[in-house]
Amino acid sequence: MAEKEGIAEFHVPDIDETCHTWYVVVGDLSDSSKVPMIVLHGGPGACHEYLMPLKDLAPSVPLIFYDQIGNGQSTHLPDKAGDEAFWSVNLFKNELDNLISHLGLDKRPIDIYGHSWGGMLAAEWAATPSSANLRRLVISNSLASMDAWRVGITALRKQLPSDVQDVLDRIEEERDFENPEYEAAMEVFYKRHFSLARPWPAEEVQVALNWLAIDSTAYSTMYGPSELYISGSLRNWDCIPLLGKIQAPTLLINGSDDEAQDVAMRPFFEHIGKVKWVTLDKAAHFSHVDQRERYIDLLRKFLVS
């Protein structure tokens with residue numbers, strides 16, 4: 001399968017240097033009979049590699065993977081750590097617009113896929129005038145509002161063993177998030193609600209965690225120090241008022257054991273006009289890993305129908 005890497009220059013206000021967005025195209029963008037799909041990774045900061053199972057869709061679906069600004073092989077901006085005004089959703093929407101223009105896809109039909117944080121970004125972008133050429137939208141393992149997300153993960157947290165909950169409560173009170181005890185307690189949560197694939201951790205899980213460890217600037221500033229402690233700029237995020245503006249047919253996917261519980265996904269289903277929702281059994285947040293064949297089959301049927 002043909003793969004071509006590239007760099008899109010990205011001019012960001014208040015940054016003297018020209019930033020860049022790294023991307024890789026899997027398949028042939030020159031074939032106008034096929035609609036390309038741009039893949040928006042989660043995190044923020046988990047980078048594109050953990051979503052490479054989506055390559056199973058090629059060659060019938062040309063794919064564009066990219067690392068969002070601040071992460072992976074794109075420009076890193078560690079000096080902006082803690083700058084909530086800088087790390088805004090608009091920054092990433094502008095980056096997506098810039099990438100689409102760079103690839104010459106702003107005048108032809110495209111599909112957008114967003115996983116977790118990428119789904120949040122995809123939903124916001126799909127509600128803007130920039131999405132006029134959007135043919136299909138996929139929102140996977142994501143959330144429509146942080147309040148709804150909190151309801152879901154709080155319920156899951158209460159199902160953890162009591163000694164694990166005690167460790168989480170104590171260390172969060174101390175704000176000692178790098179404590180090995182806390183990391184071990186978080187792993188209990190991850191094994192239940194991140195991925196059910198064994199042996200643990202699956203390659204895709206490990207590569208995402210590795211990138212977050214290498215540079216947590218975007219994640220810690222926008223989300224927080226861990227999945228269970230939301231203190232960043234997205235803490236009050238809510239796109240529900242925007243969802244009625246999404247015109248493209250939309251596929252929603254989550255897993256039965258997902259940290260993206262139904263309560264977090266339901267507003268997408270209730271407010272987007274043309275929408276289908278599938279929850280995969282025996283799957284968690286990395287549903288594309290836990291139930292890879294079924295997941296890819298769902299996507300293929302939706303995208304090529």
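## Close-up views of a predicted model

**Figure 1. Overall dimensions of the protein.** With 305 residues, a compact globule would have a radius of gyration near 19 Å, and the protein agrees with this at 18 Å. The model is predicted. Along its principal axes, the C-alpha trace spans about 55 × 45 × 40 Å. Ten helices and eight strands make up the secondary structure. Of the 305 residues, 58% count as buried.

Figure 2. Strand β5 covers residues 110–115, and six of its six residues are buried. The cover extends to both faces of β5: I110, I112 and G114 are buried on one side, and D111, Y113 and H115 on the other. Strand β3 (residues 37–40) runs parallel to β5 and is joined to β5 by four bridges. Together with helix α2 (residues 117–126), β5 and β6 make a β-α-β unit that is right-handed.

Figure 3. Helix α1 comprises 14 residues, 89–102. At 1.5 Å a residue the helix should span 20 Å, and its end C-alpha atoms are 20 Å apart, so the two values agree. The buried residues of α1 are V89, L91, F92, K93, E95, L96, L99 and I100. G104 follows α1 and has a positive phi, near 70 degrees.

**Figure 4. Aromatic pairs around F177.** A search of the whole structure finds eleven aromatic pairs. One of them joins F177 and Y182 in an edge-to-face arrangement, with 5.5 Å centre to centre and 80 degrees between the planes. F177 counts as buried because its relative accessibility is 17%, under the 20% limit. Y182 counts as buried at 2% relative accessibility. F177 also forms an aromatic pair with Y229; this pair is tilted, at 4.9 Å centre to centre and 55 degrees between the planes. The pair of F177 and Y229 links distant parts of the chain, the two residues being 52 residues apart. F177 belongs to the loop between α4 (162–174) and α5 (180–193), whereas Y229 belongs to the loop between α7 (217–222) and β7 (250–255). Like F177, Y229 is buried.

**Figure 5. Aromatic cluster containing F286.** Y50, F189, Y190, F194 and F286 form one aromatic cluster. Within the chain, F286 is found in the loop between β8 (275–280) and α9 (287–290). The relative accessible area of F286 is 2%, so F286 is buried. F286 and V167 are 119 residues apart in sequence, and their C-alpha atoms are 25 Å apart in space.

**Figure 6. R136 and the ring of F302.** R136 lies over the face of F302. The distance from R136 to the ring centre is 5.7 Å.

Methods
Residues are numbered from 1 along each chain as its sequence is written. This is a predicted model: local features need pLDDT of at least 70, side-chain atom pairs count only at pLDDT 80 or more; totals for chains, interfaces and linings use all residues. Side-chain values use heavy atoms; hydrogens and water are left out. The expected span of a helix is 1.5 Å times one less than its number of residues. Buried means under 20% relative accessible area, exposed over 50%, partly exposed in between (1.4 Å probe, protein chains only). Rings of Phe, Tyr and Trp (its six-membered ring) pair if their centres lie within 6.5 Å; planes under 30 degrees apart count as stacked, over 60 as edge-to-face and the rest as tilted. A charge sits over a ring if NZ of Lys or CZ of Arg is within 6 Å of the ring centre and within 35 degrees of the ring normal. Two strands pair if DSSP finds at least two bridges between them. A crossover is right-handed if, with the strands pointing away from the viewer, the path from the first strand over the helix to the second runs clockwise. The radius of gyration is taken over C-alpha atoms; the globule rule is 2.2 Å times the number of residues to the power 0.38.
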